[in-house]
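Morning, everyone. I have one model to show you today. Let me put it up, and then we'll walk through two spots.

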Amino acid sequence: MNKRLLLLSFVGVLAATVSSSTAGKGLTNWPMWGGSPDRNMVSDATGMPTTWDVKTGKNIKWVASLGSQSYGNPTVSDGVVLVGTNNEATRDPKQPGDRGVVMAFKEATGEFMWQATFEKLTSGRANDWPFQGIASSPLVLDGVAYFVSNRAVLMAVDVQGFQDNENDGPFKEEKLTGKNDPDILWTYDMMEEVGVFPHNLANSSPNYYQNLIYLSTGNGQDESHVNIPSPRAPAIIAIDRTTGKLAWEDASPGDKILHGQWSTPSVGMIGGVMQVVHGQGDGWVRGYEALTGKKLWEFDSNPKDSVWPKTRNELIATPVIYENVVYIANGQDPEHGEGVGHLYAIDATKRGDITKSGMLWHYDKIRRSISTASIKDGLIYYPDFSGFLHCLDVKTGQPVWTHDMFAAMWSSTMVMDGKIYLGDEDGDVVVMQAGREKKILSEVNMESSVYSTAVTSNGVMFLMTRNQLWAIQEGAQLKR
Ligand SMILES: [Ca+2]
Ligand SMILES: [Ca+2]
């Protein structure tokens, strides 16, 4: 390749990276958690329905059955929808019992394509909690799906499985090679390779920049909730997606991990530097130079006088990167219930300990939150675990309005088509008008808890409940 071509292809890489996070998001695919590396929960899709009905099938295109608990948010790419669930809707009697499962469906019809199932770790619930399935939302890049199994293994699999009639490599030793089985390319076992001790479940949704895949490891305490078996194991790793080898790692939380590590990394250009931003188990948010892993800054999300677990929180939400600023709220494992929370805007162009110097604003009227922000037209929308949706001015952090859903929220808003979509534990999905004026357009009950966030592709909204995957489209009619 001559120099000019090399330069052109480099510009091409930059252009692709920029376009993935700006115009056209959610129009023809939704290839990762958040739809783009910055994880901002917005879509450019238009013509989205304001209402639909799961009983009559109005505005429903198709529905697919999942296991009994589904936490791996849908991603859509290459005509395939991928979700993480458990094995309670056993599709293959030869793969019985409690397992983590990634299922693949045809985007157009909902027809089941293939599944990857994983037995539970023999070390038990300290590392791999029963019936939680797979809580990683797959990343699809160049026809390859990357996700973290319940066994804390990063999997690289062919998004078309064996339905392309080809066993793709380098890995070709699959025991199951039927048309409904997964075609594995390579794997990376975080427990074996870097000594990670996942607390309850490794759940990271992979992110990327150029050739690197970024993951939270899930390293944490053992069942005593005092001891940290692997304090030197990394909190975050980067894996080269061509070789499947470790590129860099960082273990900054060390023995200060409060509990587990379930936040997932974001990637974006901040102050001219491509950064990976990660909420870690000691309650600090950290930023790294994407290609080298060099730590650039760190920010403590807890007041200095806070005490775990009453007032000191961990970070489960995903940071959102928007115009050089990082937005994230802290919170706790849903099992810990409700409590005080904190939402921040962090100037990530600063360096070192930026807890003071990088704090643009701090909003302390939010409760514990595990949700991720939507930022659109000067406003930030942020749900909390106590059931409130907060709308703030994104520049000042001043509250604009709040809305009470009267049920716990695990999921995040999706802002698109001038509307806000948000589901709760009671199965209610509210559709509100986006903007400074608070207005409810409709509320739909899904007859099952909504723990996931709506995503879009090709004019269709995909919404997962605890046990079903719904394809929702204006004008569609499901025959029941
Ligand atoms: Ca294949
Ligand atoms: Ca293979």
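**A strand trio and a calcium site**

Strand β28 (residues 419-423) and β29 run antiparallel, joined by five bridges. This is a predicted model, with local features needing pLDDT of at least 70, side-chain atom pairs counting only at pLDDT 80 or more, and totals for chains, interfaces and linings using all residues. Residues are numbered from 1 along each chain as its sequence is written, chains are lettered from A and ligands numbered from 1 in the order written, and side-chain values use heavy atoms, leaving out hydrogens and water.

Some terms. Strands are DSSP runs of E, at least two residues, numbered from the N terminus. Two strands pair if DSSP finds at least two bridges between them.

Back to β28. Its Ile420 stands opposite Met432 in β29. Four residues separate the two strands in the hairpin, and Gly427 there has a positive phi near 90°.

Now the other side. β29 also runs antiparallel to strand β30 (residues 440-445), again with five bridges. Val429 stands opposite Val444 in β30. This hairpin has six residues between the strands, and Gly435 takes a positive phi near 130°.

How many of the six residues of β29 are buried? Five. Buried means under 20% relative accessible area, exposed over 50%, partly exposed in between, with a 1.4 Å probe and protein chains only.

Next, the calcium ion (ligand 1). Its protein donors lie 2.3 to 2.7 Å away, among them Asp158 (OD), Gly161 (O), Glu166 (O) and Asp183 (OD). Donors are N, O and S atoms within 2.8 Å of the metal, or 3.2 Å for Na, K and Ca; water is not among the atoms, so sites may look incomplete. Along the chain, the donor spacing is D-x2-G-x2-D-x1-E-x1-D-x14-D. Glu166 and Asp183 both lie in the loop between β8 (153-158) and β9 (184-189), so the pair ties together parts 17 residues apart in sequence. Glu166 is partly exposed, at 47% relative accessible area. Asp183 is buried, at 0%.
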